Structure formats: structure tokens, C-alpha cells
Amino acid sequence: MDVEFGILGTTALRLGGHLREDWGPPRHRALLAVLLVHPNRPVPVDVILDWVWPPDKTPDRPGATLHTYTAKIRATVTRLQLPAVLRGHRGTLRLDVDRDLVDLHRFRRLLSEARAHQGDNDPAAAAVHAREALDLSRGRLLEDVDTLRARSWRTHFERDELIAAHKILLTALLDLGHGDDVLVRLAELQSDHPHDLALAKLRVSALYSLQRDNEAVAYYLSTRNELRADGQDQAAEYLKQHYDGVRARGAGVSAPRVSTPTRRHPRQLPHDIVDFVGRERLLAELDAATLTAAGLPSRGVVILDGMPGVGKTALTVHWGHRCRSRFPGGELFVNLNGFADGPKVETAAVVDDFLLALDHQLDEAMTPRAREVLLGHLLAENHTLIVLDNALDTAHVKDLIPLLCNSLVIVTSRRRLTTLSAMTGARRVRVTPMSTAESATLLATRVRGRTRFTAGADEGLADLCGGLPLVITVLAEHIAGHHDAWTAAHSARLGTAQVLELDDDGDGTASPYRFFHSSYTALSTVEQRLFRLLAAVHPGPDFGVDVAAAHDGRAAGETRGALAALVGANLVDRADEADRYRFHDLIREFAAHRAHADESPDALRDAERRMLGYYLSSAANADRTLYPNHLSAPPLAVESAVRPLTFAAAAPANAWFATERRNLTAALHFAARNGHHDYAWRVAHAIWVFLDRHGYQEESRLVGEVAVSSARADGDAEAEASSQVELGQTYLAMGRLDDAQRCLRAGLRYVRETNNDPGTIATLYHLGRLAVLRGDHQDGISLFTQCLDVARAAGHDEALCWAHRRLGDALRATARTNEALIHLHQAHALAEKTGNQSGLAGALAGIGAVYRDLGSYDVAAGYCDQALAIVRGIPDLPLVAEISLALAEVNQDRGALGPAESLARRAAALAEQIHNIPLHAKTLELLGAILWAQGEPQRAADTWRQAVDRYDLLRDPRAYLVRERVAEVFATDTAPRSRTTPNVQHPRARHTSE
């Protein structure tokens, strides 16, 4: 398989069987080269800009420029049918390509295989792979990219990989007896790298292998003197040891082949936790990230990131102790103090500490660069585990990483270190909080033998710690240190705020609050403010960029950048959906504490009003888009900094409601609790129809009760009356008929006093429904007729549609079939005129029910099928359940008991899901009748008993009739096999909840 993409030189593409460099302009070649360096992973736009453009030549409109270049590169790749796909997503570019088709990555694979053969003492195979790797080079790596970042990367590649390939090849050739070839290759290499100690050793060996002893001595002496003159005494000593060894072997004297003195291997890992708990999944991830595909120990960089206190260091240390045998070079460990109160540990100090750990006394005459070279040389000899713990950011370790060649480097940080990952190709393991079971086990382990839990005292304690081992440990110390016996009463008094502020007895900085505070202080001022406002103000489980921007009144783009920084610092998590964020409970508690300490009460209240303004205005816009005939509450003015969403079509409005539903209800309760009553009842009115149509009856009830009390507190009598009517409608669906009557009558008194036609129409309509549910169809007919008269006088076609439909249903229930059809057809015509899909489906179902009464079952089924097809696409879950019930009744009468049962079960499941008690009772009654007709008396009786329970809740007399039916089942020796239901025929009354 040929290389298709070349960056070991000018960026080239395979054309006509050859790598061609003239396929595009320089900047296009540079951009493609950068993407080929980082294949199969997203590269942030700011990283690309840093690679491709010098700081003083960055394009004025980088996004547009990159878009243009990307389009042209994508077109070229497509036109040439090259095996790669270029994608852009959320501020990143990603090139998906087989790594072995890129010369750089094939070079690295071949180099790794050459190293393996060298380790297996197979110089011939090592030479083949090393030579094949070197033959891929066509010049200077990334020739088309000339920025500071590219030059730095190129230097590291040449020093750590290209020269390594040459050394493996030269060593293999020397072992194979090709000393002349070695000297030829060294001539060019040493002109470019005159101070490389390994090359100097190879020249000495090659000269002696060719019996050119005088030349070897002269070269050795001159090179050693140059090293000493440059202050590289340690390197001069290594050269002398190598020279002495080569001479001894040449003279037949036994001497070790190693060129450096034997030294001990460091064991710097901190003590392992004896009773380490859980983390099997993360340990498996670490194993996978540190092994090659062949199961061999790998080199390179692994990043462990996670929020403060999540146990990154403990996990790394435990894993390191488990895997010590993989690292013959031992382990080096340093705490970089990235988030400690004191100064962070810099590269020079780490180099010195590691040299000392490797048994090398420091020579004050050595320059810092000489020490770095020496460290790299020592680490190249053995595979070593190196842990750089608690790094502040990428800048903290970027100069250190290149020195740690041939090692596995694990970097732990509270930040994601995305730039380091892009620079090094690092593998990543995200350390997440412990599971509830792991947390409980850890807590029990930590307090075992030091205190006594009474029954139930430990329940919920682990959950308070949010899965953070640090917090669990502090809590365990608190429990053991303050109580001989921990009781359930102690647990009840302990909340998230108390856990956060548990003291550490003055011993260091182990308290959860202090631990989080060190991450907080590392943020910029803007990031700190957004962090604390979101925690103190936003009431819901997660949030998007737009509402986050409303909190601090900045533009969405600026807020997105601050959120990215908070995610990078692991102080905010990305939620499961794109562009959504959430807090860990303890971090939210900490941030809220900082908000009350760092923000004035006025600033917090302003942020609350901006948040509520965003949700109210966006919800009102979505409500108008989805339900244009629903009367909106009078608007409230919001700050200009608040940018609510608008919706051009129903689908995005519906999707936004679905995503934000829990946030909207949380915002409403927050508003009422904090005295923003003008917002509370308005938010309720903006979300009521969505909640009703989607069957969230319990939420709708809670929303309605808050709306009534907030409207009253706001002193708005009209809003209170309107809220009473909406709440009454919800009570109707839930079967709480007395509560519904109380609310509706309270609303009716107000609307009649104020001559409020829309309010009067709605109230009469729902009072009519209430009468029908109670079996008083004549009162229902009277109320629906009054509703019609007011709607007709007001010219309200939408209300006329619903009133005609409900009046038709009530007339049908009293056997006034012709009158019922007239009103139902009028409802159908008005629904088509106004585009009311729910009204249209309801009217069609009503007409179908009339034809069922007339015995025209096929016609009835046709109307109901049309209705069900319409309502399924809206959606309107209560109406879907109602029409499914109507169609089930038709199929029962037709003798199609299988489809009837399926429809009745669907209707029952929907009615239960949306907590519509009257509808659920009726669907269960029908389902029981169908099961009876199918010859299943026991299942029929069980289903009827469920119907009785619900009728009893409604105080509906049908409970008695259905109970009698159950009794008849058990009084009958042999269950009938016909579809005739014992004693009482199933009712044909209509049910709904618009």
C-alpha cells in the first residue's frame, strides 16, 4: 500500500502513481500538512491558526478564510479520489484518513518496528525497517509550514525521531559488519549534528571495526576535549567509558557493552492506598491507553483530567503500582503544584530532581540545556513511567514533555489540556466521579472500626459527596473524629453545604471548599463571574449558551469562550446534548457560595431577572409559533443584553420546549420563591399548552398552582382568574373534579364581572366538559350552547370549532344524532378554515362516533382512521389516547377484537402516562370488555378491577356497574366466548382534554 500523503518534505499528494508537490498553493499545502500531522481527531481552529499563520499575518477573518481553504482542499481530495474525508464541526477541523497512508505516521510505525527488532537482537530486520522509514523523507519535515509552532515541532521530531531512526540503522549496520557504510552515513549526519554524543560513539565503534585504530584514537581525543571545553564533562565521561569498552573488546578483554555506568532504577511513586476501592472501568481505560495494539507497553503521553477531588492522583498511583513490571526504568513522580497555594514547580527544578533520582549528582558547571540533554539521554535507555501530577495547563509542561523520550508520561490536571493533546497526540482518560455503590463502599471502608453507624444512618451520606473520593475521605474523617456513633439524625442534619465546608482540623488544605477554591482562583475574572452567577441563579438541571449569556449580559460568542474555559477547568461538565452544560452538585454549592460572597444583592437580582426574561420571552415566542390561537400574557420588558430565541417553524419550537421543559418549570418555581411573581405566572401561561398536549399533567398542576398564587401576589386579578381556569382544566384531566369546579367557578365570576369574552368562552367550555364527565349531559349541552353564543358574538372561530365539537359529542350522548352531526360538521369546517389540526382530528373522531352509533362501522372506522393519522403528527397525546379509544370501540363493534385490543391498550398506556384519570378509567373498562369477548375472563376481571379503582377516585357511579360485572365473571361457571359483555354494555360517551 503506497503512501498517499506526504509531509516529510513539501506537502505532496499521490497523482499518477507519484507524490506530486504542485497540487495547490502554499497556504493550502500548509493547512493540509497540519491536518495530516493530527489525523482522525478534531483540531481547534485557534490551534490551526497558530500552526499555519505567523502572529503578525493572521487573516482578518480567520473563519471565512479557513472555510474557503477547507472547501478547496475538500474539492481537491474529492476530485483526485484520495482516501480521506475532511470535516468541520463546532470550531474544529478533522481529517479522517488511514494513518499508514501518511508518510509521517508510516515513518513512526516503521521506527517502532525497528526499535522492537533492535530489542530482539535482530539487526538485519532492524536495518530493513529503519532504512524503509528514512527513505520516506523527501526533505525537511513540514516544508510548507514556517511558524514558531511548526519550527518547534520540527525540531523535536528531528531530534527525537529522525535521528533515532538513523541511530538504529547505524547500530544495526555496525552489528552486521558494514562499518564503511556507517562512516559514509555519519559524515552527513555529524555535519548537521556535530555535538550528538551517540553519533560520536558510533564513529568510534565504526573506526575500530575497520581496524582504523589511529583515526579512532585521534577522533576520540579531539571530541572529548571539545566536550570538556563546552562544559559537558558528563558527556565527555560517557564517551571515555565507551572508548575504553571498545578498545577492551578489540584487545580481547571482557568488558560490558553498556556505555553508561550501572545505576539504580528510581521508585518514586507515592505509597499506594491499601484499601483502594472500585474504579475498575477507569483502570481498564488506563491499561488500554498505555498498551499497543499488540499488548506491549507503549510510550508517549496520557492525560488524566477531571474535576477537583475526583481522585486522579490516587488512581494514577494505584495503577502505577499494579503495572510496575512494565517499566524496567522505574518510576519518576513529581507534584507540579499547579493548583496549590505556593509557587508551581518549573521545568528546571523537575529536570534536576529527576537527574538526582537517576543517581546523577548535579554539576554546577553544567548549563540548564546540558542537564536537559543528559536527562533525555538517560531516559532513552530504559522504558520509564513518569507521572507529572497536578499540571496547571499545557504551558506548564510543554517544555518538559520533549525531554522525557522513550517513557510513558502520565499528566494529571484539573484542566483538559486540549492543546497538549493536539501537540503530542496524547491519549486521554477522563476521571469521572465514583458511582453511588463505589462511594458507599469507600465511605464504609474509611470509617470502618473507628465509629459505629446506627441503622439507616449511612443512607444518602455517600450521595452527598457527589462521588468525589477527596470529599468522601474528609467526611469519613469528620464522622470518625466527632462521633462515637453516627445516627440517622446526624445524617439528616448534613447537607451539601455542610459537606462542602467540613473542616480539616487545621491540617493542610484537604477541605472540599479549599480544594475547589484553588481551581476557582485560576480562572480569569470574566470566567469567575459567569461561574458563580450560573450556580447561584440558574435553577434547572442543565443550560445552554444563550441563557448563560443572559446571566452576565455578554454576547453569546464571549460566553461560549468562557464556558469552554470552565469545561477545560473541569468546573462545568458538558451535558449529554450538544451545547448543553451542567454543574456537579458540590461545585454548584461552592460557586453559589462565591456568588453570595463576591456579588452584591442587586447584581444577583439583576442576573435573576435577565435569566427569567430569557426563558419567558423565548417560551412566549415558542408558544405563539406552536399555538397561534392561544392567548398570550401581557409581555414584560427585558434588558437589551437578553437575546431570546425566535422560531420560524413549529418543529424547532417544539424541540426547544422539549429540551427546556424542566428548566422552564424550575425557573417558574424559582421566580415565585424569590419574589419575581410577575415572571412566575407569565412563564406558566407560556408553557401550559405544551405541557397539556404532551401529557405532563402533574407538572401542569404544579405550574398552575404556582401561577394562581403568584398572580394573586402580583395583584393581577385577571391573571389570577386566567390561571384558575387553566388549573381547572388540568384538574379535569386528572379526575379531581371538585377542585376543577372550584377553580372554574372562581374564574367564571371574574370574567363575567369584567365582560372578558375570551375568558368567558374558555370557562364555559371547561365547565361543560366537567358536567359531561359527571354524567350531566343536559347541563353540558346548556354550557356548550352558552359558550357558542359568546364565541359567535366575539367572532372567535377557534373557540367556535371546539364548542361545536363538544356540543356535538354531548348531543350524541343523549341520542340527538342528527343535531350532533350538524355541530360536528360545523366544527370540521371551522377547523379546516383556521388550520386547527387538533380541532380537525377531534371533529372527525366525533363524526366517526356518530356513524358507529348508527351501525355504519366501516364509515366510522374511516373517519377515526383519518383523525388518528392527523393527531399523531401534531402531537397531542390526550387526543391521541381519546381517538385510539374511539377507534377501538368501532373495531370492537366490527368484531375485529385483535386490533381493538391493541388500540385499547395503546389508549390505556397513553392515558396512564399523561395521568388522565377519567380517560384511563374508560380505556380500562373497554379493554376489559374486549378481553371478556375474547374468552379471557380472568384478565378481563383484573382489568375491570383497575377501572373500578379509577372510577372510585372520580366518585363516578360507573364504579358500581363495573364492580357488578366483575362479580358476574366469578358467578359464571363457564365464560362466554361471544363478544357480548355481561350485564352492562360499554358506554359511548366522549372524553377529551384539549
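These legends walk through an overview and several close-up views of a predicted model.

In this predicted model, local features need pLDDT of at least 70 and side-chain atom pairs count only at pLDDT 80 or more, while totals for chains, interfaces and linings use all residues. Residues are numbered from 1 along each chain as its sequence is written, and side-chain values use heavy atoms, with hydrogens and water left out.

View 1. Helices (H or I, at least four residues) and strands (E, at least two) are DSSP runs, numbered from the N terminus. The C-alpha trace spans about 125 × 75 × 70 Å along its principal axes. The radius of gyration is 39 Å, whereas a compact globule of 994 residues would come near 30 Å; this value is taken over C-alpha atoms, and the globule rule is 2.2 Å times the number of residues to the power 0.38. Of the 994 residues, 54% count as buried (under 20% relative accessible area; exposed is over 50% and partly exposed lies in between, with a 1.4 Å probe and protein chains only).

View 2. Strand β2 (residues 12-15) pairs with β1 over 2 bridges; two strands pair if DSSP finds at least two bridges between them. Look for Gly6, whose bridge partner in β2 is Ala12.

**View 3. Helix α12 and its cover.** Helix α12 covers residues 312-322, and its buried residues include Leu315, Val317 and Trp319. Among the elements covering the buried residues of this helix are α11 (280-289), β7 (300-305) and β10 (408-413), where contact means heavy atoms within 4.5 Å.

**View 4. Asp893 and its partner Arg852.** Asp893 is found in helix α39 (residues 877-894) and is buried, with a relative accessible area of 8%. Its side chain and that of Arg852 are joined by a polar contact of 2.5 Å (a pair of N or O atoms within 3.5 Å; within protein, one must be able to donate a hydrogen and the other to accept it, and residues adjacent in sequence count only if both atoms are side-chain atoms).

**View 5. Ala71 in helix α3.** This helix runs over residues 62-79. Ala71 is partly exposed, at a relative accessible area of 35%. Arg87 is 16 residues from Ala71 along the chain, and their C-alpha atoms are separated by 9.9 Å.
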